[in-house]
Number of protein chains: 4
Amino acid sequence: MRYVDNFKSVIDQYNIIFFDAFGVVKTYQGLVPGIEKTFAYLQQQKKDYYIVTNDASRSPAQLAETYHKLGLPAITADHIISSGMLTKEYLTLKVQGGFVAYLGTDESGHYIEGAGLQALPVSQIDDSNIDKVNALIFLDDEGFDWFNDLNKAVNLLRKRTIPVIIANTDHAYPTTVKDVSIAVGGLAMMIEKIVGKEFIRFGKPDSQMFMFAYDRIREHRPVSKKEIVMVGDTLHTDILGGNKFGLDTVLVLSGNTQEHEVETRIRSTGIAPTYICQSAVVDLGGFDF
Amino acid sequence: MRYVDNFKSVIDQYNIIFFDAFGVVKTYQGLVPGIEKTFAYLQQQKKDYYIVTNDASRSPAQLAETYHKLGLPAITADHIISSGMLTKEYLTLKVQGGFVAYLGTDESGHYIEGAGLQALPVSQIDDSNIDKVNALIFLDDEGFDWFNDLNKAVNLLRKRTIPVIIANTDHAYPTTVKDVSIAVGGLAMMIEKIVGKEFIRFGKPDSQMFMFAYDRIREHRPVSKKEIVMVGDTLHTDILGGNKFGLDTVLVLSGNTQEHEVETRIRSTGIAPTYICQSAVVDLGGFDF
Amino acid sequence: MRYVDNFKSVIDQYNIIFFDAFGVVKTYQGLVPGIEKTFAYLQQQKKDYYIVTNDASRSPAQLAETYHKLGLPAITADHIISSGMLTKEYLTLKVQGGFVAYLGTDESGHYIEGAGLQALPVSQIDDSNIDKVNALIFLDDEGFDWFNDLNKAVNLLRKRTIPVIIANTDHAYPTTVKDVSIAVGGLAMMIEKIVGKEFIRFGKPDSQMFMFAYDRIREHRPVSKKEIVMVGDTLHTDILGGNKFGLDTVLVLSGNTQEHEVETRIRSTGIAPTYICQSAVVDLGGFDF
Amino acid sequence: MRYVDNFKSVIDQYNIIFFDAFGVVKTYQGLVPGIEKTFAYLQQQKKDYYIVTNDASRSPAQLAETYHKLGLPAITADHIISSGMLTKEYLTLKVQGGFVAYLGTDESGHYIEGAGLQALPVSQIDDSNIDKVNALIFLDDEGFDWFNDLNKAVNLLRKRTIPVIIANTDHAYPTTVKDVSIAVGGLAMMIEKIVGKEFIRFGKPDSQMFMFAYDRIREHRPVSKKEIVMVGDTLHTDILGGNKFGLDTVLVLSGNTQEHEVETRIRSTGIAPTYICQSAVVDLGGFDF
């Protein structure tokens, strides 16, 4: 574990950079200031990069568009690996037909339709279609009525033995400098405990997320895990997951983990990154320890 | 563990009977058919009885009234021990003033006001009063907006180090023969996990519930635990809690635990009642094992 | 939550003091220096005091003797409430006969024999007696072969549906200034998870421990919870348990919780004591915050 | 989910078969009777097959030898994927030098030395080498003194912030028709809870295990997940893991899951295989449902 002044000196050692989105590239207020210089540098150096995100609320194309609007055209849909894409792969391979019920916004239903299946909001489950529901997906915390639809989801799972996918395992996410919102992963964890069944989780720290990104690269060229570094702001998702997959890792202090607590948190969790940087901005000045 | 044909032969051995409410005395459809004969018999035999319930949605007086309306005048307020009463005792002893924020119906706020404190629905927390909130209580799953108020509760606990009470630890409760609803204990468990703090739980299987009932009796007369039997329909609340407190226990098959699964459940949980009866109705005919 | 310079000014407000043992009255090195002055003061002021401890390795008489040898004659057996005593009460009330298997030292078997039952070390379970084993108790981490006897305990519980008691819920305990040992509560938690059954836990933070001490006092005289303060070094056992039972609480910094981390730990766990003192020694000089 | 009479009709639909070892190919008594016919059929049909096992107690070569001695020469080292191999890959990529401490037999240390690192049994950790220990691996439940070495492992992790690998996540394994032994995954789970740190788990149901096998195939030829079926006896490792990775799955009733309980278990866990077969033996007669 080494503190490194300039993020540039870290990425100079790797050919491919995986970035977490929230707390690394953007925050609830917009882009992390200066982050566009990092992507300009990566493009100039012809290094490959991917956003590896537990965000299943939108399609990669829609996610890319939010970056473009913020002034970061470098992040196109093909540079985005979302937990929603793993959900889509699962549905394609494992669910043969019928309805896939979901909790989330209408946009998040995209991943279901992309798998050639019929998306059914949990609110529309009734006696006429419940026997044709072949999976339930937790996609996003918005777009539905919590009281009615969480209760409906519990009762669906009491009646039907079907796979349940948590497409975003985060329990909460920041909405302002002081506030958070309960994420769909938190709601899903409650329902899993209530019904006593085992759900399938896609998203960091699970390896399948990293494997999906790794396979994407291998479609173009051979690659070794030694060439890749994972950059994240959260120890138990980005860093734990990256480490377990065998990647070097960089913890940045622009999001969930703050400078004054970083050493305590690493010691208490036992999760140590390869490097610690102030942020993922390439030319940021040094910092004092 | 013994199967007993007639509930009468069990209660004849004890002076005091503790009953769980839901699944034993009443169901979502009303009283358990014939249960009024049990209470008539208890009164005739001059045996003492208490309803020991994880229900904090109403005051004992209001709970008693629901029994009266159903045709069971024998259950008066002084025969009811609710987890809400433990919450009230806690507040009286441990919270000196200010507001007590709560999630639940207006009626459930009764327990807070009974402790001489000001009840504040979570929805009404704002910048002007948040610093005066000295406790948060989970009372009931109804009476508030889940999306807005659960998120507000999370953010309250990120800003204030205050005790949090779960006044009903159940995770779900039956609403029809096939459906359940998420209970406030399920919501509270989710928020406890998200904020990472330790909440205080009142309600079976916790011993404090049984101790409260036990102390109520001792106000009138000396008593030994040998004189009491706990009657319930749920292994991991009524039976586990009764056993741990040192009471004999009766599992009845009129609620959560059904005849075809009772042996498997006892073996798999390791929680064994002293007796198993078809129901808590005194003159019920025998059953075959 | 208030920092108080002198422990004396805290106890002057109460009639009865409950003390945790380890980290408050003694450490692995012997008595906490100066603690004898606290007990001299309590006796002079005619205040009542109890050691409330999760230690089931020895009988109260044997525990008292260890204090006498250390130079603290004030702690006699009738001032000690141990989780072993709750175990003994449970066995007396709930186990009718046969063998009670246990893991622990020979001395810890005392609690079983005190209940009029036959203690059987797990190592001596065999085909001839397994069907007469009516309970299993985890008493201490010493006195048995971990490999053989933990495996035997697992297989006992796969064959017999019997109550299992954890008489000391601690997961680890300090043995030197830098080292800890796995406690019997840690071993029991592992076996509970492996066999998937629900064990009964006696010991702080569980209320039944406090109730037992409270009842002991009430045998002599009427008492209100307002008259009692609980003194401990551990937030999630002594302080959480005392708070939940409705007692005022003092966190001392002579054991598990250290001065530099106390505020962080209180904020992160949400468990706040009524007072914080440097130690339970009455004339200790002030400290600076 | 379909009951299939003859395992042959399942494997005829796939090009590659993944087998769990214990409960599928062998039991504590030796080979599953008739299983050699399955491998003869696979070789005749030129289908590819792999043993995918959570066994890190021996090298693939040593594991293969145990099959040869049992009379199954078809299982050579290159057909075995063990969780120990993932551990070795992790060490190669993530640990630069120094000692790797381990709990397990001497043979299990093979995976550490195979990564070019120095294996140090936990029993040999002392003040002179503790600062050079750069990882701790849980490899096997045998080969060390539980009391001394589990306590040493706890204290190592209190002093050093190093990655901890659980190379076999099983909590217990059968040793006779009626008995089980605590597995190293059970011991590791206890220590993880005691020290409060997050360990890295390799082994089913984790996807990385399946990915490792999948990559092994792709070294030789292109492959789709549609061509592979996973055969196992345990719902929450083999079937859950296979399903999550996107494979079709077969539950066989020759091990952990028995015929009389299979439907209850599938319903209660929510984990459903694609097929259910009596065993993985190709010509087994039909069974009645």
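This is a predicted model: local features need pLDDT of at least 70, side-chain atom pairs count only at pLDDT 80 or more; totals for chains, interfaces and linings use all residues.
Trainee: How is the size of an interface given, and how much area is buried between chain C and chain B?

Mentor: The size of an interface is often expressed as the accessible area lost when the parts come together. Between chain C and chain B about 3000 Å² is buried, with carbon and sulfur atoms giving 51% of it. In this interface 38 residues of chain C are in contact with 38 residues of chain B.

Trainee: What area is buried between chain C and chain D?

Mentor: There the figure is about 2100 Å², and carbon and sulfur atoms give 69% of that area. C:Trp146, C:Ile182 and C:Met190 supply 25% of what chain C buries against chain D, more than any other three residues. The contact takes 22 residues from each side, chain C and chain D.

Trainee: How many salt bridges does the rule find across each of these interfaces?

Mentor: Across the interface of chain C and chain B the rule finds six. One pairs B:Arg218 with C:Asp215, whose closest N and O atoms are 3.0 Å apart. Across the interface of chain C and chain D there are two. D:Lys159 forms a salt bridge with C:Asp179, and here the closest N and O atoms are 2.6 Å apart.

Trainee: C:Asp179 is in that salt bridge. Which residues does C:Pro174 touch, leaving out those up to four places away in sequence?

Mentor: C:Pro174 touches C:Asp179, along with C:Val180, C:Phe22 and C:Tyr28. C:Pro174 belongs to strand E11, residues 172-174 of chain C. The C-alpha atoms of C:Pro174 and C:Asn54 are separated by 14 Å, and the two residues are 120 apart along the chain.

Trainee: Why is C:Pro174 called partly exposed?

Mentor: The term covers values between the buried limit of 20% and the exposed limit of 50% relative accessible area. C:Pro174 is partly exposed because its relative accessible area is 27%.

Trainee: Where in chain A is Tyr28 placed?

Mentor: A:Tyr28 is in the loop between strand E3 (26-27) and strand E4 (30-31). A:Tyr28 has a relative accessible area of 31%, so it is partly exposed. With A:Phe22 and A:Val177 it forms a nonpolar patch on the surface, and together they have about 270 Å² of accessible area.

Trainee: And is A:Cys277 buried or exposed?

Mentor: A:Cys277 is buried, because its relative accessible area is 1%. B:Cys277 is also buried, with a value of 1%.

Terms used. Residues are numbered from 1 along each chain as its sequence is written. Chains are lettered from A and ligands numbered from 1 in the order in which they are written. Side-chain values use heavy atoms; hydrogens and water are left out. Patches are made of residues with over 30% relative accessible area and no salt bridge: like charges are joined within 9 Å, nonpolar side chains (Val, Leu, Ile, Met, Phe, Trp, Tyr) within 5 Å. Accessible areas come from the Shrake-Rupley method with a 1.4 Å probe; for residues, only the protein chains shown count as cover. A salt bridge is a side-chain nitrogen of Lys or Arg within 4 Å of a carboxyl oxygen of Asp or Glu. Helices (H or I, at least four residues) and strands (E, at least two) are DSSP runs, numbered from the N terminus. Buried means under 20% relative accessible area, exposed over 50%, partly exposed in between (1.4 Å probe, protein chains only). Contact means heavy atoms within 4.5 Å. Buried area is the accessible area (1.4 Å probe) that two parts lose on being put together, summed over both.
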